[in-house]
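Q: I'm new to this one. Can you walk me through it?

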Amino acid sequence: MGPPYHQFCPVAKAMELFDERWTLLVVRELVLGSERFNDLRRGLPRMSPTLLSKRLHQLTAAGIVRRLEDRNDVRYVLTPAGRDLETVVDALGAWGTRWTGKLGDVDLDPRLLMWDMHRHVDHAALPESRVVVEFAFPTVTHASRRWWMVITPHDVDVCDEDPGFEVSIRVTTGLRELTEIWRGEATWPDALRSGAVVVDGPSTLRRSLPRWFDSPLASPVGHPAR
(Lines give C-alpha, C1' and ligand atoms only; values in the text may rest on other atoms or scores of the structure.)
Protein backbone atom coordinates (compact mmCIF):
# COMPACT_ATOMS: atom_id res chain seq x y z
CA MET A 1 0.00 0.00 0.00
CA GLY A 2 1.15 3.52 -0.75
CA PRO A 3 1.14 6.32 1.80
CA PRO A 4 -2.36 7.31 2.94
CA TYR A 5 -4.04 10.43 1.61
CA HIS A 6 -6.19 10.76 4.75
CA GLN A 7 -9.30 11.51 2.70
CA PHE A 8 -12.65 9.76 2.90
CA CYS A 9 -13.06 10.03 -0.90
CA PRO A 10 -13.32 6.53 -2.45
CA VAL A 11 -10.93 7.57 -5.25
CA ALA A 12 -8.32 8.51 -2.65
CA LYS A 13 -8.79 5.21 -0.80
CA ALA A 14 -8.45 3.23 -4.02
CA MET A 15 -5.33 5.13 -5.05
CA GLU A 16 -3.65 4.27 -1.76
CA LEU A 17 -3.41 0.80 -3.26
CA PHE A 18 -2.96 1.53 -6.96
CA ASP A 19 -0.76 4.64 -6.82
CA GLU A 20 2.44 2.59 -6.53
CA ARG A 21 4.48 1.96 -9.65
CA TRP A 22 3.52 -1.13 -11.71
CA THR A 23 0.57 -2.10 -9.49
CA LEU A 24 -2.19 -1.44 -12.00
CA LEU A 25 -0.13 -2.98 -14.80
CA VAL A 26 0.09 -6.19 -12.78
CA VAL A 27 -3.71 -6.07 -12.56
CA ARG A 28 -3.84 -5.51 -16.32
CA GLU A 29 -1.87 -8.71 -16.90
CA LEU A 30 -4.13 -10.66 -14.57
CA VAL A 31 -7.21 -9.28 -16.33
CA LEU A 32 -5.72 -10.42 -19.66
CA GLY A 33 -5.41 -13.95 -18.35
CA SER A 34 -1.83 -14.35 -17.11
CA GLU A 35 -1.83 -16.46 -13.96
CA ARG A 36 1.70 -17.79 -13.51
CA PHE A 37 4.66 -15.76 -12.37
CA ASN A 38 6.70 -16.30 -15.54
CA ASP A 39 3.76 -15.31 -17.74
CA LEU A 40 3.27 -12.15 -15.70
CA ARG A 41 6.95 -11.37 -16.16
CA ARG A 42 6.66 -11.77 -19.93
CA GLY A 43 3.84 -9.25 -19.97
CA LEU A 44 5.90 -6.90 -17.77
CA PRO A 45 9.41 -7.43 -19.21
CA ARG A 46 10.93 -4.34 -17.60
CA MET A 47 9.64 -5.06 -14.10
CA SER A 48 12.06 -6.78 -11.75
CA PRO A 49 11.05 -10.20 -10.36
CA THR A 50 11.53 -8.89 -6.83
CA LEU A 51 9.14 -6.00 -7.36
CA LEU A 52 6.62 -8.27 -9.07
CA SER A 53 6.66 -10.60 -6.07
CA LYS A 54 6.14 -7.63 -3.77
CA ARG A 55 3.19 -6.27 -5.76
CA LEU A 56 1.53 -9.69 -5.92
CA HIS A 57 1.90 -10.00 -2.15
CA GLN A 58 0.35 -6.54 -1.66
CA LEU A 59 -2.55 -7.31 -3.99
CA THR A 60 -3.14 -10.62 -2.22
CA ALA A 61 -3.15 -8.90 1.17
CA ALA A 62 -5.64 -6.35 -0.16
CA GLY A 63 -8.04 -9.06 -1.33
CA ILE A 64 -7.53 -8.28 -5.03
CA VAL A 65 -5.62 -11.47 -5.87
CA ARG A 66 -5.81 -15.03 -4.61
CA ARG A 67 -2.70 -17.25 -4.63
CA LEU A 68 -3.47 -20.85 -5.54
CA GLU A 69 -0.97 -23.65 -4.95
CA ASP A 70 -1.12 -27.20 -6.29
CA ARG A 71 2.14 -28.94 -5.44
CA ASN A 72 4.76 -27.06 -7.46
CA ASP A 73 2.21 -25.15 -9.54
CA VAL A 74 1.41 -21.65 -8.28
CA ARG A 75 -1.23 -19.46 -9.91
CA TYR A 76 -2.44 -15.95 -9.18
CA VAL A 77 -6.10 -15.25 -9.96
CA LEU A 78 -8.29 -12.24 -9.44
CA THR A 79 -10.88 -12.33 -6.68
CA PRO A 80 -14.35 -10.87 -7.37
CA ALA A 81 -12.97 -7.52 -6.14
CA GLY A 82 -10.09 -7.85 -8.58
CA ARG A 83 -12.36 -8.85 -11.44
CA ASP A 84 -14.35 -5.67 -10.86
CA LEU A 85 -11.22 -3.77 -11.92
CA GLU A 86 -11.56 -5.02 -15.50
CA THR A 87 -13.79 -2.08 -16.38
CA VAL A 88 -11.24 0.29 -14.83
CA VAL A 89 -8.42 -1.20 -16.92
CA ASP A 90 -10.58 -1.07 -20.06
CA ALA A 91 -11.53 2.56 -19.42
CA LEU A 92 -7.92 3.62 -18.84
CA GLY A 93 -6.87 1.79 -21.99
CA ALA A 94 -9.57 3.50 -24.03
CA TRP A 95 -8.57 6.89 -22.65
CA GLY A 96 -4.88 6.20 -23.35
CA THR A 97 -5.69 5.10 -26.90
CA ARG A 98 -7.58 8.30 -27.56
CA TRP A 99 -5.55 10.93 -25.77
CA THR A 100 -1.93 9.92 -25.18
CA GLY A 101 0.67 11.18 -27.61
CA LYS A 102 2.98 9.48 -30.07
CA LEU A 103 5.15 6.70 -28.70
CA GLY A 104 8.80 7.44 -28.02
CA ASP A 105 11.52 5.00 -29.06
CA VAL A 106 11.92 3.93 -25.42
CA ASP A 107 8.29 2.79 -25.41
CA LEU A 108 8.90 0.21 -28.15
CA ASP A 109 9.55 -3.31 -26.89
CA PRO A 110 9.46 -6.41 -29.12
CA ARG A 111 9.08 -8.68 -26.07
CA LEU A 112 5.85 -7.03 -24.98
CA LEU A 113 4.55 -6.69 -28.54
CA MET A 114 5.07 -10.38 -29.33
CA TRP A 115 3.59 -11.46 -25.99
CA ASP A 116 0.51 -9.29 -26.48
CA MET A 117 0.01 -10.47 -30.06
CA HIS A 118 0.36 -14.12 -29.07
CA ARG A 119 -2.55 -13.93 -26.64
CA HIS A 120 -4.88 -12.36 -29.20
CA VAL A 121 -4.69 -14.93 -31.97
CA ASP A 122 -7.96 -15.71 -33.74
CA HIS A 123 -7.69 -19.46 -34.22
CA ALA A 124 -10.81 -19.51 -36.39
CA ALA A 125 -8.97 -17.49 -39.05
CA LEU A 126 -6.00 -19.88 -39.20
CA PRO A 127 -5.42 -23.17 -40.98
CA GLU A 128 -6.08 -26.27 -38.90
CA SER A 129 -2.43 -27.35 -39.15
CA ARG A 130 0.52 -25.85 -37.28
CA VAL A 131 1.64 -22.45 -38.55
CA VAL A 132 5.00 -20.88 -37.72
CA VAL A 133 5.31 -17.12 -38.17
CA GLU A 134 8.76 -15.55 -38.07
CA PHE A 135 8.93 -11.83 -37.25
CA ALA A 136 12.11 -9.99 -38.22
CA PHE A 137 12.84 -6.46 -37.00
CA PRO A 138 15.98 -5.40 -38.93
CA THR A 139 16.30 -2.04 -37.14
CA VAL A 140 16.38 -3.59 -33.65
CA THR A 141 20.03 -3.61 -32.59
CA HIS A 142 19.95 -6.25 -29.86
CA ALA A 143 19.23 -9.98 -29.76
CA SER A 144 15.45 -9.48 -29.82
CA ARG A 145 15.34 -8.72 -33.55
CA ARG A 146 13.91 -12.15 -34.52
CA TRP A 147 10.89 -13.89 -33.02
CA TRP A 148 8.86 -16.97 -33.83
CA MET A 149 5.21 -17.63 -33.11
CA VAL A 150 4.18 -21.28 -33.22
CA ILE A 151 0.41 -21.52 -33.64
CA THR A 152 -1.55 -24.77 -33.40
CA PRO A 153 -5.35 -25.17 -33.30
CA HIS A 154 -5.36 -25.06 -29.50
CA ASP A 155 -2.18 -23.27 -28.44
CA VAL A 156 0.18 -20.41 -29.24
CA ASP A 157 3.81 -20.23 -28.20
CA VAL A 158 6.15 -17.29 -28.73
CA CYS A 159 9.92 -17.83 -28.89
CA ASP A 160 12.95 -15.57 -29.08
CA GLU A 161 15.06 -18.53 -30.24
CA ASP A 162 14.44 -20.60 -33.37
CA PRO A 163 12.07 -23.42 -32.29
CA GLY A 164 13.34 -25.63 -35.11
CA PHE A 165 10.11 -25.83 -37.12
CA GLU A 166 9.82 -24.91 -40.78
CA VAL A 167 8.71 -21.29 -41.10
CA SER A 168 5.30 -20.97 -42.77
CA ILE A 169 5.41 -17.21 -43.28
CA ARG A 170 7.92 -14.45 -42.55
CA VAL A 171 7.08 -10.86 -41.58
CA THR A 172 9.83 -8.25 -41.98
CA THR A 173 9.03 -4.84 -40.55
CA GLY A 174 10.13 -2.03 -38.32
CA LEU A 175 9.26 -2.39 -34.64
CA ARG A 176 7.47 0.95 -34.65
CA GLU A 177 5.47 0.09 -37.76
CA LEU A 178 4.15 -3.18 -36.35
CA THR A 179 3.47 -1.57 -32.97
CA GLU A 180 1.43 1.15 -34.66
CA ILE A 181 -0.61 -1.48 -36.51
CA TRP A 182 -1.22 -3.27 -33.22
CA ARG A 183 -2.30 -0.03 -31.55
CA GLY A 184 -4.71 0.77 -34.38
CA GLU A 185 -2.72 3.80 -35.56
CA ALA A 186 -1.96 2.16 -38.92
CA THR A 187 -3.48 -0.65 -40.95
CA TRP A 188 -2.09 -3.83 -42.45
CA PRO A 189 -3.18 -2.92 -46.02
CA ASP A 190 -1.52 0.52 -45.90
CA ALA A 191 1.67 -0.89 -44.36
CA LEU A 192 1.85 -3.66 -46.98
CA ARG A 193 1.26 -1.22 -49.85
CA SER A 194 3.94 1.18 -48.60
CA GLY A 195 6.49 -1.57 -47.97
CA ALA A 196 6.65 -0.80 -44.25
CA VAL A 197 5.70 -4.46 -43.76
CA VAL A 198 6.95 -7.19 -46.09
CA VAL A 199 5.37 -10.65 -45.88
CA ASP A 200 6.99 -13.68 -47.51
CA GLY A 201 5.23 -17.01 -47.87
CA PRO A 202 2.44 -18.77 -49.77
CA SER A 203 -0.11 -16.35 -51.21
CA THR A 204 -3.01 -17.87 -49.25
CA LEU A 205 -1.20 -17.27 -45.96
CA ARG A 206 -0.07 -13.79 -46.97
CA ARG A 207 -3.63 -12.75 -47.72
CA SER A 208 -5.08 -14.15 -44.50
CA LEU A 209 -2.29 -13.06 -42.10
CA PRO A 210 -3.88 -9.73 -41.02
CA ARG A 211 -6.97 -11.63 -39.83
CA TRP A 212 -4.95 -13.92 -37.55
CA PHE A 213 -4.41 -11.27 -34.89
CA ASP A 214 -7.31 -9.50 -33.21
CA SER A 215 -5.88 -6.48 -31.42
CA PRO A 216 -7.97 -5.14 -28.52
CA LEU A 217 -6.11 -1.83 -28.91
CA ALA A 218 -7.40 -1.24 -32.44
CA SER A 219 -10.85 -0.50 -31.03
CA PRO A 220 -13.66 1.71 -32.34
CA VAL A 221 -12.65 4.26 -29.67
CA GLY A 222 -9.97 5.50 -32.04
CA HIS A 223 -7.84 8.59 -31.73
CA PRO A 224 -8.86 12.23 -31.85
CA ALA A 225 -8.39 13.92 -35.19
CA ARG A 226 -4.72 14.47 -35.97
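A: Here is a short tour, starting with the sheet and moving to the salt bridges.
A: This is a predicted model, where local features need pLDDT of at least 70, side-chain atom pairs count only at pLDDT 80 or more, and totals for chains, interfaces and linings use all residues. Residues are numbered from 1 along each chain as its sequence is written, and side-chain values use heavy atoms, without hydrogens and water.

Q: In what order do the five strands of the open sheet run?
A: The order is β5-β4-β3-β6-β7, with mixed pairing. Strands are DSSP runs of E, at least two residues, and helices are runs of H or I, at least four, numbered from the N terminus. Two strands pair if DSSP finds at least two bridges between them.

Q: And which are the edge strands?
A: β5 (155-159) and β7 (197-200), as each pairs on one side only.

Q: How many bridges join β3 to β6?
A: Four, and the two strands run parallel. Glu134 stands opposite Arg170 in β6.

Q: New topic: how many salt bridges?
A: The count is 17, taking a side-chain nitrogen of Lys or Arg within 4 Å of a carboxyl oxygen of Asp or Glu. Arg28 and Glu29 form one, at 2.8 Å from N to O. Arg28, Glu29, Asp116 and Arg119 are linked in a network of them.

Q: Is Glu29 buried or exposed?
A: Glu29 counts as buried because its relative accessibility is 0%. Buried means under 20% relative accessible area, exposed over 50%, partly exposed in between (1.4 Å probe, protein chains only). Arg28 is partly exposed, at 23%.
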